[in-house]
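Here is a short briefing on selected helices and loop residues. Keep the sequence and the 3D view side by side as you read.

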Amino acid sequence: MDFLPADLTAYADAHTSPESEVLRRLNRETHAKVLHSRMLSGHFQGRLLSMLSHMMRPRRILEIGTYTGYSALCLAEGLADDGLLITLDKNEELEDIARAAWQQSPYAQKIDLRLGDARKLIPEIDEVFDLVFIDADKQNYSLYFDLVIDKVRPGGLMLADNVLWSGKVVEPLKASDKDTPTVLAFNQKVQDDPRVENVLLPVRDGVMMIRKL
């Protein structure tokens, strides 16, 4: 995931507003106790999510992929006073870690965790979203996009994480995993969709920023 030299990454982190104490503790706990801790958004990307949310002041946010709840907290920081963040995940084992962190924040009542298969949960949600964050299984990225696009208001944002896939997108012939082709297909799908405009940000493992026209 680290495309910049370590010293430049450290410099960028040092010149980015700090995460809250709640987020700092959750960051440490995730790395200490949870497998695949690199899935955590972390300080730098978390501050990007928070800033975008603050700029938009969204009333409704949808997050697909909760993990330990770090990114949900970052996104919730910018919610409108009557805002709500709905986050979907199928992993019940991490629920307690996420909820414990949320309870230590001012945003616990604004975060609605729904456990289950996002492919089934999304069609049941009757909301219009200002902001969507996709950070789940790569095999279903294109499907998640299709399921949520009509639920996003015109001018709303969709963000998709891991779209550079550790750099494998530029050397797909060397990649042997099943996810690289699906990430490539998703990126091209977004690029070709006339309903949106998009910018691929080389932040951490790549964030596709998509604005619905």
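A residue counts as buried when its relative accessible area is under 20%, as exposed when that value is over 50%, and as partly exposed in between. Asn162 has a relative accessible area of 7%, so Asn162 is buried. The model is a predicted one.

**Loop residues with positive phi**
- Asn162 sits in the loop between β5 (152-161) and α8.
- Its phi is near 65°, a positive value in a residue that is not glycine.
- Arg57 is in the loop that runs between α3 and β1 (60-64).
- Arg57 is not a glycine either, yet its phi is positive, at about 50°.
- Is Arg57 buried, exposed or partly exposed? Its relative accessibility is 39%, so Arg57 counts as partly exposed.

- The loop between α5 and β3 (111-115) holds Ser105.
- Ser105 counts as buried because its relative accessibility is 13%, and the cut-off is under 20%.
- What does the side chain of Ser105 reach? It reaches the backbone oxygen of Trp102, at 2.7 Å.

**Helix α2 and its buried face**
- Helix α2 covers residues 21-33, which makes 13 residues.
- From first C-alpha to last, α2 reaches 18 Å, close to the 18 Å expected at 1.5 Å a residue.
- Five names to find in the view are Val22, Leu23, Leu26, Asn27 and Thr30, which are buried in α2.
- Why do the buried residues of α2 line one face? Seen down the helix axis, they fall within an arc of 135°, so they line one face of α2.
- An α-helix has 3.6 residues a turn, so residues three or four places apart point the same way.

**The α7 and α8 pair**
- Helix α7 spans residues 141-148, and helix α8 spans residues 179-192.
- Their axes come within 8 Å and cross at roughly 35°.
- From α7, the contact is made by Tyr141, Ser142, Phe145 and Asp146.
- From α8, Phe186, Lys189 and Val190 take part.
- How many residues of each class make the contact of α7 with α8? Four are nonpolar, one is polar and two are charged.

Conventions. Residues numbered from 1 in each chain as written. Predicted model: local features only at pLDDT ≥ 70, side-chain atom pairs only at ≥ 80, totals over all residues. Heavy atoms only, no water. Helix = DSSP H or I, 4+ residues; strand = E, 2+ residues; numbered from the N terminus. Expected span 1.5 Å × (residues − 1). Buried < 20%, exposed > 50% of the residue type's maximum accessible area, 1.4 Å probe, protein only. Arc of directions from axis to C-beta. Axes fitted to C-alpha atoms, helices over the stretch in contact; angles between N-to-C directions. Contact = heavy atoms within 4.5 Å. Nonpolar A, V, L, I, M, F, W, Y, C, P; charged D, E, K, R; others polar. Polar contact = N/O pair within 3.5 Å; in protein donor to acceptor, adjacent residues only side chain to side chain.
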